Amino acid sequence: MTSAHTEPLPASTAWYVPLARAIPALILAVVITFSADHSSRLGLVTLASYTLIVGAVLLTASVLSLHRGIGRNLTITQGALSIATAIAAFIASNGGQAYFVFLLTAFAAITGFIELYLGLRSRGRDASSRDWVFVGGLTALLALVVLLVPPGFSQPFTGPDGIDRELTASIVVVGLLGAYWAILGVYLVIAALSLKWSTTDHDAVTAAVQKKEDS
């Protein structure tokens, strides 16, 4: 009989869920990187787009999931908060820097700690726990770093082309959000592939054990 310690842990999250979260993150990271506009409006519009897609993904995955319990409830809560954030960002896309920072930090702090808690309580029992811990910790860290940016920050500088420019709090925060999405997107793609391969390995081990028992 194969030892339970050698078998891959079961995952309560399908491999395509982190992939579905990665795609909008990577797209929006590219949008911010190549956009000359780093205003709070861009930040709110991209935040709304991301949270709407991710919220829908999390809610749909939770409803279709066969797993029940606090993990499913927390994921539903996370999805609902994401959609609520999207609505708030779309409605007040001209809300300004203070509103953008408030909405971003509230979303990142709450959903980040939810996912971090979900990962910590599932360690050793769920193959998705490591991904939840990383994503939750990264999201909570985003909230902390954004709060450390002074609201009235302004730093004049001269660009490589010799033109005088200004680095503002809005540019910094939107840049941080883009960097967060880039890191998150790459990690979630890797996480999705790992879950897919882990599921394949688990099915192979199960089939081998069943074949041995039947012979």
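Visitor: What should the 18 residues of helix α1 span?

Guide: This is a predicted model, so every value is computed from it. Count 1.5 Å a residue: helix α1, residues 16–33, should then span 26 Å. Its end C-alpha atoms lie 26 Å apart, which agrees.

Visitor: Which residues in α1 are buried?

Guide: Start with the general idea. An α-helix has 3.6 residues a turn, so residues three or four places apart point the same way. Now the case here. The buried residues of α1 are V17, P18, R21, A22, P24, A25, L28, A29 and I32.

Visitor: How do the axes of α2 and α4 cross?

Guide: Packed helices are described by two values: the angle between their axes and the distance between the axes. Here α2, residues 40–64, and α4 have axes that come within 9 Å. They cross at roughly 30°. Angles under 35 degrees count as roughly parallel, and α2 and α4 are therefore roughly parallel to each other. The crossing of α2 past α4 is left-handed.

Visitor: Which residues meet there?

Guide: From α2 come S40, G43, L44, L47, Y50 and T51. From α4 come Q97, Y99, F100, L103, L104 and F107. By class, this contact has 8 nonpolar residues, 4 polar and no charged ones.

Visitor: Where does Q97 lie, and what is Q97 in contact with?

Guide: Q97 lies in helix α4, residues 97–121. Beyond its neighbours within four places in sequence, Q97 contacts S40, A169, S170 and V173. Q97 and L44 are 53 residues apart along the chain, yet 9.2 Å separates their C-alpha atoms.

Notes: Residues numbered from 1 in each chain as written. Predicted model: local features only at pLDDT ≥ 70, side-chain atom pairs only at ≥ 80, totals over all residues. Heavy atoms only, no water. Helix = DSSP H or I, 4+ residues; strand = E, 2+ residues; numbered from the N terminus. Contact = heavy atoms within 4.5 Å. Axes fitted to C-alpha atoms, helices over the stretch in contact; angles between N-to-C directions. Parallel < 35°, antiparallel > 145°, perpendicular 65-115°, else oblique. Left-handed = near helix turned anticlockwise from the far one by under 90°. Nonpolar A, V, L, I, M, F, W, Y, C, P; charged D, E, K, R; others polar. Expected span 1.5 Å × (residues − 1). Buried < 20%, exposed > 50% of the residue type's maximum accessible area, 1.4 Å probe, protein only.
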